[in-house]
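Please look over the structure shown below, and then follow the report, which takes up one topic under each heading.

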Amino acid sequence: MPRPQPSEITFSIDGREVKAPEDMMLADAAKLGDIEIPVFCYEPKLGPPVGACRMCLVEIEGMPKLQTACSTAVKDGMVVHTRSERARVAQEAVVEFLLINHPLDCPVCDKGGECPLQDITFGWGGGKSRFIEPKRHFRKPLELSPLIAIDRERCILCYRCVRYSQEIPEDYQLVLLERGAESFVGTFDGHPYVAPFSGNIVELCPVGALTSRPYRFRARPWEIEDAGSICTLCPAQCNTRLTVRDERVLRVLDRNHPEVDDGWLCDKGRFAYQAMHVDERITSPMIRDGGVLREVGWDRALAEAVGALRRGGSATAALAGGGATNEEGLLLGRLLREVLGSSHLDSRDGEAVSLPHWRALANPKLAARVSDLEFAHAVLVLDCEPLDDMPILDLRLRKGARRNGVKLLIATERASALDSRADAAIRFAPGRGAELAWALAAALRGEPVDAAAQAAGIATDDLHALADALRDAGREIVILYGERVLDGDPGALLALADALGLAEQDGGGLLGVPAVANGRGLREAGVTPNAGPGLGLPALAGGHGAREIARRLASGELTALYLLQVDPVLHYSDAELWERALARATTVVAHASFLTPGLREHATVIFPAETSPEKEGTITHPDGRVQRLRVAAAHAGDVRAEWRVLAEIIERLGGAPTPPTARALSEALFEDVPFYGGLTLDGLAGRGLRWPELQVSNTLSDAYEEAEPKLRKPLRAAKGKLLVGTYRSIWAAPEVAASPALAFLTPRQRVELAAADAEALELRHDEAVVISDGEREVRARVVLRAAAPAGTAFLERELEEDGANVLRGPHVTIRTVASVEAEAAALIAAEEARAAAETETLAQAEAEQVT
Amino acid sequence: MTQALLFKDIDEPNLADIAVYERRGGYEQLRKVLSMSQDAVLSELDASGLRGRGGAGFPAGRKASFLPKGDMDKYLVCNADESEPGTFKDRELMQKCPHALIEGIVIAARAGGINRAFIYIRGEYEEQAQILDRAIAQAYDAGYLGERILGSDVSVSLVLHRGAGAYICGEETGLLDSLEGKRGNPRLKPPFPAIEGLYGGPTLINNVETLMTMPQILRMGGNKYAELGVSGSSGTKIVSVSGHVQRPGNYEIELGIPSREIIYGLAGGPPPGRSVKLWFPGGSSAPVLTAEDLDVPYDFDSLAKAGSMLGSGAIIVVDDSTPVLDVALKTARFYRHESCGKCTPCREGTNWTVKMLERIEAGEATPMDLDIMASVQEQIIGNCLCVLGDAMAMPIGSMIAKFRGEFEKHMQRAQLTGASA
Amino acid sequence: MRLAVERWDPGEDQIEVQRAPEPGVAGGAYRAFGETLRGLKTTFARVIEGVHTIQYPEQKVAVYPRFRGRHKLHRFEDSDLEKCVGCSLCAAACPADCIRVVAAENTPELRISAGERYAAVYEINMSRCIFCGYCEVACPFDAITMGHDYELSDYNRGDLIFTKEMLLAEPLDQTPLRAQGE
């Protein structure tokens with residue numbers, strides 16, 4: 001559906017002539033004339049208005065009754081009075097009604113001071129109450145969930161939260177119970193409201209009925225500072241507003257950016273700020289001394305790191321991840337390429353993707369905006385689970401499908417949360433996203449598909465159905481892909497884009513979801529083995545990708561590793577190889593906030609990493625939007641700016657001097673990356689700029705020649721074994737485990753099975769099992785999922801314990817813990833029996849000898 | 001005085017059976033409309049001047065003409081959630097003559113170009129629902145419902161849905177929500193149901209009596225029907241008379257006869273020795289009238305002029321043996337209980353009004369509270385999402401205006417004896 | 001051409017200026033001694049009035065009942081719970097920004113105040129306080145009032161930050177109050 005292009009009209013409000021887009025709701029249009037109409041239930045983000053609270057009653061000439069401004073679209077020549085006698089009386093009446101059952105406990109209420117009900121009572125209320133009867137009472141405060149407290153006495157029943165639950169994440173958990181004046185908000189089944197996006201209702205609530213438990217009584221609005229920031233816990237890079245008191249972040253609110261987050265936050269982004277101020281966080285440098293990590297001063301740690309890196313020289317490799325900024329990426333590249341003479345640096349898991357592929361993927365003509373997901377004719381979700389990989393897009397896709405009729409097509413290995421919303425969904429064999437893309441491209445071009453479909457593990461009928469759906473949907477199509485689809489053959493995705501003609505469409509294109517928050521920015525800043533800053537030719541050729549780095553570290557060809565906010569043992573696949581690689585490396589220098597397994601065992605020097613509120617610099621959104629991070633809170637403990645640490649190391653190793661301030665460094669970055677040219681920090685301001693939209697952006701050539709598909713062999717079923725697929729849960733992050741409020745969500749390994757497979761293997765739901773690929777084992781609990789594709793077991797990656805990263809696949813066997821223990825017990829028993837028998841024969845022999 | 005159209009054969013034994021109904025000339029109008037064009041049916045309805053019998057009194061023909069033309073699924077919903085206190089006409093009609101309703105539904109469906117029809121009946125009407133179930137099955141068997149009715153190209157499916165007993169589900173949009181399986185809350189209008197109603201499709205909603213009148217209109221011809229009654233209120237109306245009268249019940253009258261004739265003539269007036277103190281002319285939502293208004297002609301416009309409304313045509317008579325406070329409290333408690341809670345003035349206003357009336361009853365109120373109560377009613381009227389709030393505020397407001405003296409006397413008496421109350 | 005300026009009449013505002021005697025012998029003598037004697041007249045007139053000095057700190061100046069001295073926090077007399085709920089309205093009202101409140105939640109096991117929250121930290125920096133009394137006015141629970149103590153000096157500034165315990169405690173010795181009409 002194309003974006004609406006409303007025409008401009010003029011209407012009169014309180015005697016002012018105001019211009020507004022036609023059909024805008026009066027409550028919004030009034031703001032264009034600097035007139036505020038009070039509202040409670042109206043919230044445009046929640047979809048069509050419901051007119052429930054009646055606060056926005058205004059007088060419109062020519063209409064006999066007062067009208068609700070929230071549901072009246074402005075028309076040309078409309079004459080509106082918001083402060084006429086009739087309107088004023090009605091507004092005062094509604095305020096009086098609302099206050100009837102509202103306790104006046106503002107001094108203890110967390111909303112006090114930033115409460116719309118307070119403000120509107122002050123501005124539009126009558127100033128006195130005639131209600132002397134007893135108010136209604138509830139038990140309070142109650143836990144709506146471990147994160148949210150509900151105070152039903154304060155609720156004014158605007159039912160924003162209920163609408164949110166039904167219209168935005170569509171979980172239908174919140175409902176109004178009872179009727180009339182007895183109504184109250186609760187969950188349908190009485191269970192706590194635990195959902196990935198539950199925290200948004202706290203911000204939606206216009207009174208203090210829903211409050212954040214972690215923020216409970218922490219500060220009052222006049223004691224805090226607001227700081228605009230960006231969440232760097234996932235690639236969504238939602239714009240946030242931080243509540244800071246005494247240099248501590250106490251709360252995270254959304255900072256509505258329609259092109260990024262649409263005004264919502266996930267609970268990870270909203271509550272994981274707590275991880276900034278916990279004891280587990282690394283806040284001073286550490287070195288390994290006598291096999292044990294201990295805290296040291298900066299000088300000592302820097303000297304240690306510099307010495308080790310000097311020894312490592314060109315045998316040094318580097319990996320970056322997490323929320324590392326573009327500037328840090330740039331300095332890491334300089335450190336490796338210019339100072340140490342190595343080009344082995346990467347910011348993503350797997351084998352290196354070639355430079356022409358990266359350049360073709362970054363082509364501005366192929367770039368889709370986030371808001372295109374909402375207005376395109378169709379969206380193809382390819383090999384990613386938005387809810388886990390870039391949560392906020394889950395809401396955006398639902399919005400598009402619900403309100404604008406966007407066709408939602410899903411091609412993933414694992415069942416998706418969006419399946420119920422989708423027009424078509426197909427499942428392919430684990431890890432075969434590239435093959436699926438080839439097959440789909442072939443189907444769209446009318447070429448034979450059998451080989452690719454077989455390699456992807458899908459039925460040709462399903463494939464053609466999906467291709468037909470894509471073809472019939474319309475011209476503007478967005479492909480939302482997980483970057484792991486590039487692993488098999490990066491050309492596949494480009495072929496699919498070509499088959500759909502995405503380069504010619506304004507409202508369509510590609511939108512890639514990287515594995516780490518600033519994956520795109522790090523790549524563009526040069527943290528990729530075969531490209532320098534700006535995807536240009538690197539200063540040094542012959543760099544290796546992450547997987548090859550692991551192999552060479554393990555074999556001893558590389559000796560030192562620099563880790564910028566990444567722990568390959570935790571974050572990358574084949575943890576076992578990385579374990580060996582890190583054990584063999586003589587030097588592992590890391591920037592980290594938490595001691596993850598790989599660092600705990602193998603790091604030689606650890607510098608404390610910054611969290612995003614402490615950082616200064618820029619990061620790049622997956623759709624090319626360069627966004628600016630500003631310092632919102634002081635560094636905790638001894639933490640120093642990471643870019644300064646990198647600059648210091650470069651300087652001590654004799655490299656070229658780094659610009660002295662963060663601002664100058666950002667300017668250097670904009671100079672080094674050609675397509676960032678023209679950006680300035682001031683220009684980025686609070687909203688960022690998309691470089692694919694800049695005039696200077698087209699420095700990437702269109703020249704890309706499609707190669708023959710590289711198809712892997714089809715995965716065959718094996719008797720008694722299942723294919724293994726992995727996924728990363730939204731909650732799999734050290735920040736979640738470290739935040740007291742979120743800790744209850746820390747995932748534990750679970751194996752997702754289809755009912756048929758579980759039956760064949762005689763496994764029950766929640767049974768403890770051991771999953772083995774022949775060499776390595778992972779313990780998990782069985783979870784039966786109706787939508788799980790048969791023949792594949794899905795396990796969670798990136799868990800501190802029992803992460804699926806150790807499994808190599810493609811096949812695994814699943815046995816119950818009980819049977820494994822029984823086997824072990826039987827083995828021991830047999831061994832004992834054998835030993836006993838031996839002793840007996842010996843004894844007998846001895847006896848015989850004696851006789 | 002009475003004029004029997006709907007009630008012509010109402011006491012015929014076994015009229016609920018299709019054979020008896022057909023013998024008495026039933027389903028003839030259905031056959032007739034199948035051969036008429038949609039516009040011809042609409043113009044007959046328009047000419048009849050039939051106004052909706054459910055409460056709002058909107059011209060039925062015009063309502064049907066609002067439905068957009070086109071090929072989409074369109075819906076007809078028969079509102080049989082007869083929940084207005086004092087109203088029991090639809091119950092008798094459905095119980096005794098269900099086939100007339102089915103015939104009316106097909107006619108209305110033809111007029112609106114509708115292919116799917118629902119009857120939303122209140123849960124308490126289980127007996128009537130069973131009778132309708134049987135009648136619908138008979139009509140399907142006889143080919144009066146379903147695909148290609150009687151070989152024509154008209155198709156109408158009909159489903160009977162039992163509500164769960166909430167007053168608000170008699171409000172048309174609340175009814176639609178309930179029918180869709182949601183909590184029965186009224187929706188914001190516009191969009192009106194004729195444009196976006198059930199499942200987002202164009203929907204025509206009519207009362208049982210309105211639909212049952214349609215076969216009569218076609219039988220008589222719209223212009224002929226319009227001759228009955230008075231200008232602006234044509235035809236006959238079934239009036240449910242209840243309360244302090246000697247012969248309560250349903251009476252079919254020609255609109256425009258004096259109200260006294262209904263209350264005293266047909267229903268026999270209050271028991272001997274008592275006199276009418278106040279009466280609700282159109283269900284409990286209508287502002288009350290007093291004995292002085294008994295000569296007002298019983299039709300839509302005259303009652304509106306007298307400051308009340310005809311509503312669903314349910315006359316509740318209260319004689320001088322009942323304190324007005326009891327009537328007010330009973331009415332207000334009903335509306336507090338039935339308020340859905342979606343919009344503020346209704347939810348809080350009904351609640352507050354009951355609390356104030358309870359204080360008056362307990363002797364804890366002063367005449368100033370009457371002013372507050374009157375102003376609360378004014379704050380409700382016209383400010384709500386649907387008409388439920390107004391439905392309480394109008395009668396309560398009229399009672400305070402017309403019986404202020406009695407309220408004040410009660411306060412004084414209750415204050416004296418109050419401590420015990 | 002010059003405009004004729006109307007003479008301005010100062011009316012009631014007219015002040016008669018009394019000038020000292022013109023310079024000369026008599027005038028000089030007056031200047032040397034006259035004024036001095038006039039001053040001394042005032043001085044000696046006070047001698048007979050008696051001693052005004054107060055023997056502070058043994059003796060203290062009594063203050064008026066509405067004197068705004070050091071703040072006091074209060075408890076409920078029956079339950080011994082703190083009246084302060086930690087709402088920070090005093091901090092918001094304070095023009096000198098000298099109050100810091102950090103609230104926390106009461107639990108069934110540990111109930112400090114009557115409401116849901118209580119002040120875990122309540123500090124007033126007396127070196128900044130201007131004793132305007134706005135905190136007292138802002139308090140919705142009458143938890144803070146201005147007391148009568150005015151002895152607020154110390155050897156270092158840190159000791160002038162009064163904590164909740166100090167503000168809740170009764171002062172060691174009572175400041176004397178002036179009786180009515182005194």
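## A residue in the core

Which residues does A:V379 touch, not counting residues up to four places away in sequence? This is a predicted model, in which local features need pLDDT of at least 70 and side-chain atom pairs count only at pLDDT 80 or more, while totals for chains, interfaces and linings use all residues. Residues are numbered from 1 along each chain as its sequence is written, and chains are lettered from A and ligands numbered from 1 in the order in which they are written.

With contact taken as C-beta atoms, placed from the backbone, within 7 Å, A:V379 touches A:L373, A:L397, A:G400, A:V406, A:L408, A:L409, A:V478 and A:L480.

## The nonpolar cores

A nonpolar core is a set of buried Ala, Val, Leu, Ile, Met, Phe, Trp, Tyr and Cys residues joined through C-beta atoms within 7 Å, where buried means that 20 or more other C-beta atoms lie within 10 Å of a residue's own. The largest core has 409 residues, and A:V379, A:A437, A:A439, A:L480 and B:C78 touch the most other members. Helix 13 of chain A (residues 433-445) gives the most to this core, with 10 residues; helices here are DSSP runs of H or I, at least four residues, numbered from the N terminus. A second, separate core of 27 residues includes A:F217, C:C87, C:L89 and C:I124.

## Where chains A and B touch

Chain A brings 26 residues to the contact and chain B brings 22 residues. On the side of chain A, helix 2 (residues 85-100) gives the most, with 6 residues.

Note on methods
Buried ≥ 20, exposed ≤ 12 C-beta atoms within 10 Å, placed from the backbone. Helix = DSSP H or I, 4+ residues; strand = E, 2+ residues; numbered from the N terminus. Contact = placed C-beta atoms within 7 Å.
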